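Me: I have a structure open and want to go through some of its side chains. Can we take it step by step?
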Amino acid sequence: MVLDSLTVAEKYYALHPRFQEAFEFIKGQGHKLSPGKYIIDGEELFVSVVKGPLKQKSNAWLEAHNEYIDIQLLLSGSESYGWKSRTTCQKIKTAYDIEKDILFFQDTPSSYFELCSGEFVVFFPEDAHAPMIGEGEVVKAIIKVRV
């Protein structure tokens, strides 16, 4: 997992061949995008902008992905996340859905952190994460980068 500000995203370009393209797209377009899906390179690299209400910790399940890395950038509001190493998750809530590339766990996160507008987090397949925790509403971009 990586947690930082969009202003220094170039420090992370070397982590994946598509990260530069992903971050440059979102730096140039992010705050102009309405909720919806934006294709950058087919199913290899795309962005979903979502606007929605946050939920209580007790209603936020850990999720993990096999095929994609998530770069989640907060465009407005503040949002808390739970995190736990996927290798230590033991309680599967729902089986892996290959079409949606998602698996849910009932485990309790081992840590929590908060993002503010302009900050991002990168979740790799080994990062189980519980997003959308807090009060109020957020707008965020979720950049999907095929592993």
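Me: Let's start with D70. Is D70 buried or exposed, and why?
Reply: D70 counts as buried, because its relative accessibility is 1% and the cut-off for buried is under 20%. Keep in mind that this is a predicted model.

Me: Ok. Where does D70 sit?
Reply: D70 is in strand β5, which covers residues 68-76.

Me: Which residues does D70 touch, apart from its neighbours within four places in sequence?
Reply: D70 is in contact with E63, H65, V121, V122, F123, H129, I142, I143 and K144.

Me: K144 is on that list. What joins the side chains of D70 and K144?
Reply: A polar contact of 2.5 Å joins them. The side chain of D70 also has a polar contact with that of Q72, at 3.1 Å.

Me: And V47, how far is its C-alpha atom from that of D70?
Reply: The two C-alpha atoms are 9.6 Å apart, and the residues are 23 apart along the chain.

Me: Which residues are linked with R18 and D41 in a network?
Reply: E21 is linked with R18 and D41 in a network of salt bridges.

Me: What about D107, which residue does it form a salt bridge with?
Reply: D107 forms one with K84, and their closest N and O atoms are 3.8 Å apart. This pair links distant parts of the chain: D107 is in the loop between β8 (102-105) and β9 (111-116), while K84 is in strand β6 (residues 78-85), 23 residues apart.

Me: Are D107 and K84 buried or exposed?
Reply: D107 is buried, and K84 is buried too.

Me: Last one, K11. What does its side chain meet in a salt bridge?
Reply: The side chain of K11 meets that of D4, at 3.3 Å from N to O. K11 is exposed, because its relative accessible area is 55% and exposed means over 50%.

Technical notes: Residues are numbered from 1 along each chain as its sequence is written. This is a predicted model: local features need pLDDT of at least 70, side-chain atom pairs count only at pLDDT 80 or more; totals for chains, interfaces and linings use all residues. Side-chain values use heavy atoms; hydrogens and water are left out. Helices (H or I, at least four residues) and strands (E, at least two) are DSSP runs, numbered from the N terminus. Buried means under 20% relative accessible area, exposed over 50%, partly exposed in between (1.4 Å probe, protein chains only). Contact means heavy atoms within 4.5 Å. A polar contact is a pair of N or O atoms within 3.5 Å; within protein, one must be able to donate a hydrogen and the other to accept it, and residues adjacent in sequence count only if both atoms are side-chain atoms. A salt bridge is a side-chain nitrogen of Lys or Arg within 4 Å of a carboxyl oxygen of Asp or Glu.
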